[in-house]
Structure formats: structure tokens, C-alpha cells
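Please look over the notes below with the model open.

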Amino acid sequence: MSCSVTPSTRLYICDSEIGEDEDLTHEFKGHRNLSLEELPNFVRYDPSGKMTRQPLSKAICSFLNSLYGGTIYCGVTDTGSVMGMALLTAQREHFQLALDDLLGQRFSPAVPKSRYSVQFVPVQDSHSEDDVIYDLPCPDFAHVFRSWTFCACDKYAEGLFDSNRFLPKFVIEIHIYPPPEVAENCLLRERTIQELQEGNLRAWPQCKHPVVYCDETGCGYIRTHALDRKISEECLVQLSYARSAEFYQPIIEFYHTLTDQHKQSLPVNQ
């Protein structure tokens, strides 16, 4: 089983600042545990009952349900400092396949691959180029997902640390793209205003609402500033109202600028 995990042509410098803050569309992670089952057994709960480490699935779900999408940077500290992650080709392949398994098999509904992509951006550090292993041939591993224990590819990489050479480091960028309904609503709104102006609007448009995704635990989240907010029924109602208002408000405002005679002549009002 294989997939394309060719490194990006971009480059990060170890210990440099990434140039972004954690906000509505950016999230930094110091680990690559995708799902709840992948969290290591040393993860504990703080006095408030909150886990000391959150799986990537929570932020992924939040960005999927946001109108803006977002990017998760694995290998970047909370303060935005680049540290990178040592990854062989087989480990990068594991991550891509595990992400596809999570979003395609465990999220509800299944997430189309057009909504996300992964990039492995190399990290340059102080090690000599001659000391870094880049294209080391790896066995054809049978990857194991949905477990906190090391996969065979991770155990193989761990064994290489005993040598005098170093594994290449990467920042894993998970890009979540905005829902297609965002662009569709924008075009529909512009066409409606144009038809109002030209006097040939025959039907009022219907706002298209994006799909709401739930993660592997059955919970839905949405991004608010730099936080992942759990979606309740009340939140769904508020989202629907806010997104409908954003869609219809420009149409209503333009309609009110028309003369009464123009309004009466519209086919939609006949």
C-alpha cells in the first residue's frame, strides 16, 4: 500500500518563527496523533477534567465546519517556533494513509478528498547535510492505524537513532479547504443582485448550508478564534441563522434601493 508523500519544495528553518499566530485559521501541534485512540497512554487529565493533549481530529473537524477552512501545523510549538518532526518516507506514508482512514471511514459523513491535503515541508537544522538520512530504502510495512502503540515503520525509525546519522525533519501541514457552498453562495448572491438590477429575477435564491461533520467520537466542532467549540443544537441554530443572514442581507439591501416601479415589474413579483 503506497501513496505520494513527496516533500514540499518550501523549507522551514529550525527554531525560527513560523510567522503566524494560532487564530481562526491556524493551529499549532507538537505531535501527530490523529485520533483519540492514537493518544499515548501517558496522556492524563488536568484538575478541570480536560485532556493534556488533544487529537488532531478535533481541530480538523473544527476547520471542516468553518466557512474559512484552516491549516494545522504539526511540528510547531504553541508559541509558533518551528521544531519539526523526524520522519522517514514510510512514516510520512503512514500519516497520509491514517488521515485518509480517519476522514474517509470514521468521520460522519465521510470527508471528500477535495476538502483536504497534506504537505511535508522540510526543516533545516544545524546538522550537516552528510549526517542526514534522506532516501533510505524502507521495508514495505503493513501500517497499523487507530492505535497508540508504535507502528512497524515507527519502530524501524526508532532503531535508526542508534546510528550516527539523523532522520530528516518535517513540518506536517494539514490544509482544510472551505466548503464548496461558500463559493456557490457567493456566485448565487452576485447573480441574484445582477438579475434584480436587470429586472429579470424569476425566483428568490435559496441559501446553501454546508455539511456539518462529526469526528470519530461522534462530536462536531467549529472554530472560534483560536478555540475548537463543540457544536450543540443551539449552536447549529445560531450558525444557520448567521449564515442565512450573511447570504440574504446584501440582496435585501440592494432590493431596497430599487424604485417601487422596478420592484413591481420584476417577474418574481408577478
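1. Second largest pocket, elements. β2 and β8 (227-230) each supply at least two residues of the lining of the second largest pocket. Helices (H or I, at least four residues) and strands (E, at least two) are DSSP runs, numbered from the N terminus. A pocket is an open set of points on a 1 Å grid over the protein atoms alone, with protein on both sides within 12 Å along at least five of seven lines; lining residues have an atom within 4 Å of a point.

2. Basis. This is a predicted model, so local features need pLDDT of at least 70 and side-chain atom pairs count only at pLDDT 80 or more, while totals for chains, interfaces and linings use all residues. Residues are numbered from 1 along each chain as its sequence is written, and side-chain values use heavy atoms, with hydrogens and water left out.

3. Second largest pocket, size and lining. This pocket holds about 370 Å³ of space. Its lining has 16 residues, and the closest to the centre are Glu27, Lys29, Lys50, Gln54 and Asp228. By class the lining splits into 3 nonpolar, 4 polar and 9 charged residues. Volume here is the space filled by probe spheres set on the points, with grid points joined across faces, edges and corners. For the classes, Ala, Val, Leu, Ile, Met, Phe, Trp, Tyr, Cys and Pro count as nonpolar, Asp, Glu, Lys and Arg as charged, and the others, Gly among them, as polar.

4. Which residues are linked in a network of salt bridges? They are Glu27, Lys29, Arg223 and Asp228. A salt bridge is a side-chain nitrogen of Lys or Arg within 4 Å of a carboxyl oxygen of Asp or Glu. Arginine 223 bridges to aspartate 228, with the closest N and O atoms 2.8 Å apart. Both arginine 223 and aspartate 228 are buried. Buried means under 20% relative accessible area, exposed over 50%, partly exposed in between (1.4 Å probe, protein chains only).

5. Strand β2. Both of its faces are covered. His26 and Phe28 lie on one side, Glu27 and Lys29 on the other, and all are buried. In a regular strand the side chains alternate between the two faces of the sheet. β2 runs parallel to strand β3 (residues 70-74), and 4 bridges join them. Two strands pair if DSSP finds at least two bridges between them. Lysine 29 has cysteine 74 as its bridge partner in β3.

6. The structure holds 9 salt bridges. One of them joins the side chains of glutamate 37 and arginine 106 at 2.6 Å, N to O. This pair links distant parts of the chain, 69 residues apart: glutamate 37 is in the loop between β2 (26-29) and α1 (56-64), arginine 106 in helix α2 (residues 89-106). Glutamate 37 counts as partly exposed because its relative accessibility is 32%. Arginine 106, at 19%, counts as buried.

7. Aspartate 101 and arginine 146 meet through their side chains at 2.9 Å, N to O. The two are 45 residues apart, aspartate 101 in helix α2 and arginine 146 in the loop between β5 (116-124) and α3 (152-160). Aspartate 101 is buried, at 15% relative accessible area, whereas arginine 146 is partly exposed, at 40%.

8. Cavities. How many cavities of 30 Å³ or more does a search of the whole structure find? It finds 2. A cavity is a set of points where a 1.4 Å probe fits but cannot get out.

9. Largest pocket. The volume is about 600 Å³. Of its 28 lining residues, Arg32, Asn33, Gln91, Phe150 and Asp154 are the closest to the centre. The largest share of the lining, 4 residues, comes from α2. The classes are 15 nonpolar, 7 polar and 6 charged.

10. Confidence. The chain averages a pLDDT of 90, and 91% of the residues score at least 70. pLDDT is the predictor's confidence in each residue, from 0 to 100. Confidence is lowest in α3, at a mean of 85, and highest in β3, at 98.
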